[in-house]
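Hi everyone, thanks for making time for this one. I'd like to walk you through a single chain, starting with the fold and ending with one residue.

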Amino acid sequence: MSTQFDIQARWPELFASLDAVTTTHIINTLASGWHEGWEPNREDVKNLTDYARGTIDKAEYTRRADAAARTHEARSTAV
């Protein structure tokens, strides 16, 4: 786990069209998981910012999140 939570600095393009309030909500949501040991990747951040932006609907957000979870689980069990 990284020692700094710098999601917005890491992928500024994903936050570019979001207002400050939405950006803060997303960062707080991701930070909550990060404090529990989860390391969000670009795919995770893109999924959440796309949903917040309205680019995808809840069904697509859920489909992407489920697919990411299955991929992570498969990697974890392969080790």
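This is a predicted model: local features need pLDDT of at least 70, side-chain atom pairs count only at pLDDT 80 or more; totals for chains, interfaces and linings use all residues.

The secondary structure here comes to five helices and zero strands, where helices (H or I, at least four residues) and strands (E, at least two) are DSSP runs numbered from the N terminus. Reading from the N terminus, the elements go α-α-α-α-α. Residues are numbered from 1 along each chain as its sequence is written, and side-chain values use heavy atoms, with hydrogens and water left out.

Now the overall picture. Along the principal axes, the C-alpha atoms fill a box of roughly 40 × 35 × 20 Å. The chain has 79 residues, and 25% of them are buried; buried means under 20% relative accessible area, exposed over 50%, and partly exposed in between, with a 1.4 Å probe and protein chains only.

On to contacts, meaning heavy atoms within 4.5 Å. Of the contacts with a separation of 6 or more, 51% are between residues 24 or more positions apart.

How many aromatic pairs does the chain have? The count comes to two aromatic pairs. The rule is that rings of Phe, Tyr and Trp (its six-membered ring) pair if their centres lie within 6.5 Å; planes under 30 degrees apart count as stacked, over 60 as edge-to-face and the rest as tilted. F5 and W34 have ring centres 5.2 Å apart and planes at 50°, so this pair is tilted. It links distant parts of the chain, with F5 in the segment before α1 (7–10) and W34 in helix α3 (residues 20–35), 29 residues apart. F5 counts as partly exposed at 24% relative accessibility, while W34 counts as buried at 8%.

The other pair is Y51 and Y61, with centres 5.2 Å apart and planes at 35°, so that one is tilted too. Y51 lies in helix α4 and Y61 in helix α5 (residues 58–78), so the pair ties together parts that are ten residues apart in sequence. Y51 is partly exposed at 36%, and Y61 is partly exposed at 27%.

Last stop: T49, in helix α4 (residues 42–53). Is T49 buried or exposed? T49 is buried, because its relative accessible area is 0%. Not counting residues up to four places away in sequence, T49 touches L14, F15, L18 and I26.
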